[in-house]
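Dear colleague,

Please find below the structure that I am handing over to you. A summary of what was found in it comes after the structure itself.

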Amino acid sequence: MAQVTFKQQPVTLLGTEIKAGDEAPDFTVLQNDLSPFTLKDTEGKIRLISVIPSIDTGVCSTQTKRFNEAVTDLGDDVAVLTISADLPFAQARWKASEGLDNAHTLSDHRDLSFGTAYGVVMKELRLLARSVFVVGKDGKVAYVEYVPEGTDHPDYDKAIDAVKKLAE
């Protein structure tokens, strides 16, 4: 399992660690209107799944904005999904305040379906560990990053390059 710390303290990740080449597991999370959302809802697209501990923090906010801005020129074949354990209402409030109304912020608060399927539930905090997954149109995971320190930024360039490579 990936080794992760949060504020320099080791945390236990629950779930199954994902590796490049794996079939992307499906999951059920909540959209901001409380309707269910699954990976299959974006079938046929390249998915950049940006996982954050909490939308209301500086690094998480930057990560969400950066990934959404980076793929705007890649067309409708790419979907950016930002997933956290935040309540859907907090995510909707953040989107409105940041002017990112079209961003897909999804809540895993209810049952940690995504976090368990992708091995990112921080047991001690009941938050999701910062990570990035790129899933191709074929449903295979093309890129994975479990960020070793939860308060650090992911490698934006590598993740975006992985998306661009699949979009070629």
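This is a predicted model: local features need pLDDT of at least 70, side-chain atom pairs count only at pLDDT 80 or more; totals for chains, interfaces and linings use all residues.

Residues are numbered from 1 along each chain as its sequence is written, and side-chain values use heavy atoms, with hydrogens and water left out.

**Overall architecture**

The protein has four helices and twelve strands; these are DSSP runs, helices being H or I of at least four residues and strands E of at least two, numbered from the N terminus. The radius of gyration is 14 Å, close to the 15 Å that the globule rule gives for 168 residues, so the protein is as compact as a globular protein of that length. The radius is taken over C-alpha atoms, and the globule rule is 2.2 Å times the number of residues to the power 0.38. Along its principal axes, the C-alpha trace spans about 40 × 35 × 25 Å.

Of the 168 residues, 51% count as buried; buried means under 20% relative accessible area, exposed over 50%, and partly exposed in between, with a 1.4 Å probe and protein chains only. Among contacts (heavy atoms within 4.5 Å) with a separation of 6 or more, 66% join residues 24 or more positions apart.

**Nonpolar cores**

A nonpolar core is a set of buried Ala, Val, Leu, Ile, Met, Phe, Trp, Tyr and Cys residues joined through side-chain atoms within 4.5 Å. The largest one holds 31 residues, of which Ile-49, Phe-114, Tyr-118, Leu-128 and Phe-133 touch the most other members. At least two residues of this core come from each of strand E1 (4-6), E6, E7, helix H3 (113-118), strand E9 (121-122), E11 and E12. Another core, of 14 residues, lies apart from it and includes Phe-67, Val-132, Ala-159 and Val-163.

Buried in H4 are Tyr-156, Ala-159, Ile-160, Ala-162 and Val-163. Seen down the axis of H4, these buried residues fall within an arc of 150 degrees, so they line one face of the helix; the arc is that of the directions from the helix axis to the C-beta atoms. On the other side of H4, Lys-158 and Lys-165 are exposed. The cover over the buried residues of H4 includes strand E6 (46-51), H1, strand E7 (78-84), E11 and strand E12 (141-146).

Leu-166 also belongs to H4 and, at 35% relative accessibility, counts as partly exposed. Beyond its neighbours within four places in sequence, Leu-166 is in contact with Ile-46, Val-134, Val-135, Gly-136 and Ala-142. The C-alpha atoms of Leu-166 and Val-78 are 9.6 Å apart, although 88 residues separate the two along the chain.

Val-135, one of these partners of Leu-166, sits in strand E11 (residues 131-135). Val-135 is buried, with a relative accessible area of 0%.

In H1, the buried residues are Val-59, Cys-60, Ser-61, Gln-63, Thr-64, Phe-67 and Asn-68. Among the elements that cover them are E6, E7, helix H2 (88-98), E11 and H4.

The side chain of Ser-50 makes one with the side chain of Gln-63, at 2.8 Å. Ser-50 is found in strand E6 and is buried, with a relative accessible area of 0%. A polar atom of the Asn-68 side chain lies 2.8 Å from the backbone oxygen of Thr-64. Asn-68 lies in helix H1 (residues 58-70) and has a relative accessible area of 15%, so this residue counts as buried.

With kind regards

Technical notes. A polar contact is a pair of N or O atoms within 3.5 Å; within protein, one must be able to donate a hydrogen and the other to accept it, and residues adjacent in sequence count only if both atoms are side-chain atoms.
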